[in-house]
Amino acid sequence: MNDSADTPTEAEESAHNSSGLWFQDTGTLGERTRRVLLELLKGPYVSGAQSPQLWSALVADESIVRSRLHDLFLDLVIDKIDEFAFTRKIVTEEIDVPAAVRSERLTFLDTAMLLVLRQLLLAAPGEQRVIVDREEVYERLAIYRSGDESTFQRNLNGAWSRMSNRLRVLHKAGEERFEISPMVKFLIDEDQVHELIDVYERIASGEAKGSIAEAGLSSDDTDDTDDRDSDDTEEDEA
């Protein structure tokens, strides 16, 4: 009886990879490390609280993951205290770095809401969890109202939806109560905060009318296909 049909050829044997997860897999990373790399590329971040197994894999293989991301012109930003990690474009003057992730410009209210959430988070130092009420956040944004109330409410709902679904900086913690993710601290750096606060104070006082384009803030988001909330509409022009 001829068993040649069931016997791997030399080429097939040479193609075998001891680290492979399937036949002819040429990858060298373990399964969990591959999964955390994929989640980083999908975005917006990897959380130790939400994905402890992926976080453990990231911490164990941080240098390898960082190297693989560098191959794609991406840098790894990791906060081991709050257990968050995300990717961003490499910043260097040595070469012309191509855009590796989609840059998405936020609406006026998106950024105003981010600032409010950041202020609420930083106002509670040492707290394990910072819980807010949706109406509390909406009230702080009322000074930016333009147009009729129903339109403004719709725009607020759209911004809230993006905070929850796309940027994932709000997590439900009860009936109309939400936990602010520490990740919100990384979405706007200190220089941008001062610039944005100046712009928003002038707009709130009526000295200037404008949109977030005046401050030029954008969010790097590699996967916005999960944002399916019907309220997620672009803010009406002021």
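User: What makes strand 2 and strand 3 a pair, and which way do they run?

Analyst: Bear in mind that this is a predicted model. Pairing takes at least two bridges, and 6 bridges join strand 2 to strand 3 (residues 84-89), so the two count as paired, running antiparallel.

User: Why are strand 1 and strand 2 called edge strands?

Analyst: The open sheet has 3 strands in the order 1-3-2, with antiparallel pairing. Strand 1 (46-47) and strand 2 (74-79) each pair on one side only.

User: How do you know that helix 3 packs on the sheet, and what angle does its direction make with that of strand 2?

Analyst: Contact needs heavy atoms within 4.5 Å. Helix 3 (residues 52-60) touches strand 1, strand 2 and strand 3, and its direction makes about 115 degrees with that of strand 2.

User: Which residues touch the most other members of the largest nonpolar core?

Analyst: Met113, Leu117, Val137 and Ile180, out of 32 residues. Membership requires being buried, under 20% relative accessible area. Helix 5 gives the largest share, 10 residues. Helix 7 (149-166) and strand 7 (177-180) are among the elements that give two or more.

User: What does valine 137 touch?

Analyst: Leaving out residues up to four places away in sequence, valine 137 touches Met113, Val116, Leu117, Leu120, Val132 and Trp160. Another core, of 13 residues, lies apart from the largest one and includes Leu29, Val46, Leu54 and Val65.

How values were computed. Residues numbered from 1 in each chain as written. Predicted model: local features only at pLDDT ≥ 70, side-chain atom pairs only at ≥ 80, totals over all residues. Heavy atoms only, no water. Helix = DSSP H or I, 4+ residues; strand = E, 2+ residues; numbered from the N terminus. Axes fitted to C-alpha atoms, helices over the stretch in contact; angles between N-to-C directions. Core = buried A, V, L, I, M, F, W, Y, C linked by side-chain atoms within 4.5 Å. Buried < 20%, exposed > 50% of the residue type's maximum accessible area, 1.4 Å probe, protein only.
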